[in-house]
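Good morning, and thank you for the time.

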Amino acid sequence: MIPDPQFNIWEHSANVRQLYARRAHGLDEMDAAAQCAAILAPHINQALSPPSFLDAGCGSGYLWHSFKSRGLAMEYHGLDYSPSLIDIGRSILPQYGLPAERLVCGSIEDIHYQNFDLAAMLNTLTFCPDFRQPLDRLVSTGARVIAIRDNFGPETVMRWETDGYLDEGYNHLKAYWNQWNITEVKDFLAEYGYESIELPDRRVNGAMELVVGKPYYWSWLVAVKK
Ligand SMILES: C[S@@+](CC[C@H](N)C(=O)[O-])C[C@H]1O[C@@H](n2cnc3c(N)ncnc32)[C@H](O)[C@@H]1O
């Protein structure tokens, strides 16, 4: 289910490309990336071989810096369906030690026959038409811990709207900007044998944030396999 890049909002923003290139150089670390490293750190046993980790919806793969800079050794793999963002990561991250082939262009919905010890999905589930198919594929990796940051609230709100901040000529493109009922997501993950706890987001701490004019209630679900 890779969208034709022609209709993919992530392929049409010079601002996003510049920002994702800066982050691939290890600059402008997001609070969410730092929090993700803090959430997963207790699940990384430094005495054992580095766990394999999947960053689903990785952009250019900059989350890798957040683990590396904290001395958290892991075998990082990034997956994203936007070819230009993966290309940015592949051209920049090897100079910081991440092999280019660890960044793969593909959709989360197509993950198959791949095992990972840990996984994260930051700021990405909201852009999916539904949470079930991508999470079904994510849990198929067998990851023992999955950290998800998303627009979670008391109810599901489906939004199919324009972005409005894209390159000239592309502002007619629409995307999903969904909010998910957190209880439904927890119950769904429980069916796969995961116990999920909710954590406040360090940056917004329960407050609403406008993302290109749409209300976002960022918080975390940390799903641990029982
Ligand atoms: C807001 S960006 C988040 C990037 C990064 N995780 C972060 O937190 O900064 C959303 C990313 O998800 C990717 N994406 C959205 N839906 C996807 C899907 N179904 N499969 C793979 N990538 C997806 C987009 O291409 C985009 O790079």
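Let me begin with strand β2, residues 75-80: 5 of its 6 residues are buried, so this strand is largely enclosed by the rest of the structure. Buried means under 20% relative accessible area, exposed means over 50%, and partly exposed lies in between, with a 1.4 Å probe and protein chains only. Helices (H or I, at least four residues) and strands (E, at least two) are DSSP runs, numbered from the N terminus.

A word on the source: this is a predicted model, in which local features need pLDDT of at least 70 and side-chain atom pairs count only at pLDDT 80 or more, while totals for chains, interfaces and linings use all residues. Residues are numbered from 1 along each chain as its sequence is written, and side-chain values use heavy atoms, with hydrogens and water left out.

Which strands pair with β2? Strand β1, residues 52-56, pairs with β2 in the parallel sense over 5 bridges; two strands pair if DSSP finds at least two bridges between them. Within this pairing, A56 has L79 of β2 as its bridge partner. From β1 the chain crosses through helix α3, residues 63-68, to β2, and this β-α-β crossover is right-handed. Right-handed here means that, with the strands pointing away from the viewer, the path from the first strand over the helix to the second runs clockwise.

Strand β3, residues 103-105, also pairs with β2 in the parallel sense, over 3 bridges. Here D80 stands opposite C105 in β3. The chain passes from β2 through helix α4, residues 83-92, to β3, in a β-α-β crossover that is right-handed.

Against what do the buried residues of α4 pack? They pack against α1 (14-24), β2 and β3, where contact means heavy atoms within 4.5 Å. The buried residues of α4 are S84, L85, I86, I88, G89 and I92.

I turn now to N8, in the segment before α1. N8 is buried, with a relative accessible area of 3%. Not counting residues up to four places away in sequence, N8 touches P3, Y81, S82 and L173. N8 and A175 are 167 residues apart in sequence, yet 8.0 Å apart in space, C-alpha to C-alpha.

Finally, is Y217 buried or partly exposed? Y217, in the loop between β11 (214-216) and β12 (218-225), is partly exposed, with a relative accessible area of 36%.
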